[in-house]
Amino acid sequence: MDFAEHDRDILTQILRWRRDVRHFRPDALNSDIEDALQQAMDLAPSVGNARPWRVIRVESPDLRKAGQEIFSTCNQAARDSYDGAQRDAYMALKLAGMEVAPLQLAIFTETAPEEGHGLGRATMPETLVQSTAMSIYSLMLTARALNIGVGMVSILDPGAMERLFDVPDTWCFASWLCIGYPETQDDTPLLHRVGWQENTQTQWETR
Ligand SMILES: Cc1cc2nc3c(=O)[nH]c(=O)nc-3n(C[C@H](O)[C@H](O)[C@H](O)COP(=O)(O)O)c2cc1C
């Protein structure tokens, strides 16, 4: 398969317009979209082809509420780690869309998978967690191509998340994904736009 200039332009647009989304419309996603997002994870690279990501679709109102409460506790603790103007700025940020997003996924990494037979991770066990991050990004880019937004929530106590979902001891929490139609579109990260942290350019050092 050879790609042309037009295809590269589209990829650039998808990369440029992918944003971490925290403001969602409540409209439900149809099952075709959910299938496409699920299949996008199948296409992700993983160490030893271990595919260590484990995904729980969080539909239960009780689980969603419990997740929001864990976020609220962790967000308050994070807020209290700042002082003065930076604390005020932190409080003004919206850092999750858990109360509205129609599709919500709790993502974990299986840290002792049979799959892959250990290939590639003996020296760097963290490659399993890295593989899960890749699957999340595959989902995010596919979502953007479907005009769907994704927000990652990591302001969550991983132990509390593992207990909430009663997952096996070998699973470690990766992220809570909020997924749905975005209220607005932007080609600029919200944290850059509000002045919390400006974009910087990736530098390649030559040695
Ligand atoms: C691993 C990871 C965890 C993140 N956790 C959060 C989070 O808990 N809350 C939040 O609002 N954004 C979270 N983000 C989104 C980042 O703030 C966002 O990616 C960054 O500001 C750049 O914006 P962009 O994704 O729109 O380019 C997370 C992003 C990553 C990659």
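1. Surroundings of Ser-46. In this predicted model, Ser-46 makes contact with Arg-51, Pro-52, Trp-53 and Ser-131, leaving aside residues up to four places away in sequence. Ser-46 itself sits in the loop that lies between helix H2 (31–42) and strand E1. A polar atom of the Ser-46 side chain is 3.0 Å from the backbone nitrogen of Arg-51.

2. Burial of Ser-46. Is Ser-46 buried or exposed? The relative accessible area of Ser-46 is 15%, and the residue therefore counts as buried, the limit for that class being under 20%.

3. Strand E1 and its pairing. Strand E1 comprises residues 53–57 and is joined to E2 by five bridges, the two strands running antiparallel. Within this pairing, Arg-54 has Phe-108 of E2 as its bridge partner.

4. Strand E4 and its pairing. E2 is also connected to strand E4 (residues 171–180), here by eight bridges and again in an antiparallel arrangement. Ile-107 is found opposite Ser-175 of E4.

5. Cover over E2. How many of the residues of strand E2 are buried? For this strand, which spans residues 103–110, the count is eight of eight, and E2 is accordingly described as mostly covered. The burial applies to both faces.

6. Residues around the ligand. Which residues surround the ligand? They are Arg-18, Arg-19, Asp-20, Arg-22, Leu-95, Met-152, Val-153, Ser-154, Ile-155, Pro-189 and Leu-191. By class, this shell consists of six nonpolar residues, one polar residue and four charged residues.

7. For Asp-20, a backbone N or O atom is 2.9 Å from an oxygen atom of the ligand. For Leu-95, a backbone N or O atom is 2.8 Å from a nitrogen atom of the ligand. For Ser-154, a polar backbone atom lies 2.7 Å from a ligand oxygen. The ligand taken alone exposes 610 Å², of which the protein buries 68%.

Conventions: Residues are numbered from 1 along each chain as its sequence is written. This is a predicted model: local features need pLDDT of at least 70, side-chain atom pairs count only at pLDDT 80 or more; totals for chains, interfaces and linings use all residues. Side-chain values use heavy atoms; hydrogens and water are left out. Buried means under 20% relative accessible area, exposed over 50%, partly exposed in between (1.4 Å probe, protein chains only). Helices (H or I, at least four residues) and strands (E, at least two) are DSSP runs, numbered from the N terminus. Two strands pair if DSSP finds at least two bridges between them. A residue is near a molecule or strand if one of its heavy atoms lies within 4 Å of it. A polar contact is a pair of N or O atoms within 3.5 Å; within protein, one must be able to donate a hydrogen and the other to accept it, and residues adjacent in sequence count only if both atoms are side-chain atoms. Accessible areas come from the Shrake-Rupley method with a 1.4 Å probe; for residues, only the protein chains shown count as cover. Ala, Val, Leu, Ile, Met, Phe, Trp, Tyr, Cys and Pro count as nonpolar, Asp, Glu, Lys and Arg as charged, and the others, Gly among them, as polar. Contact means heavy atoms within 4.5 Å.
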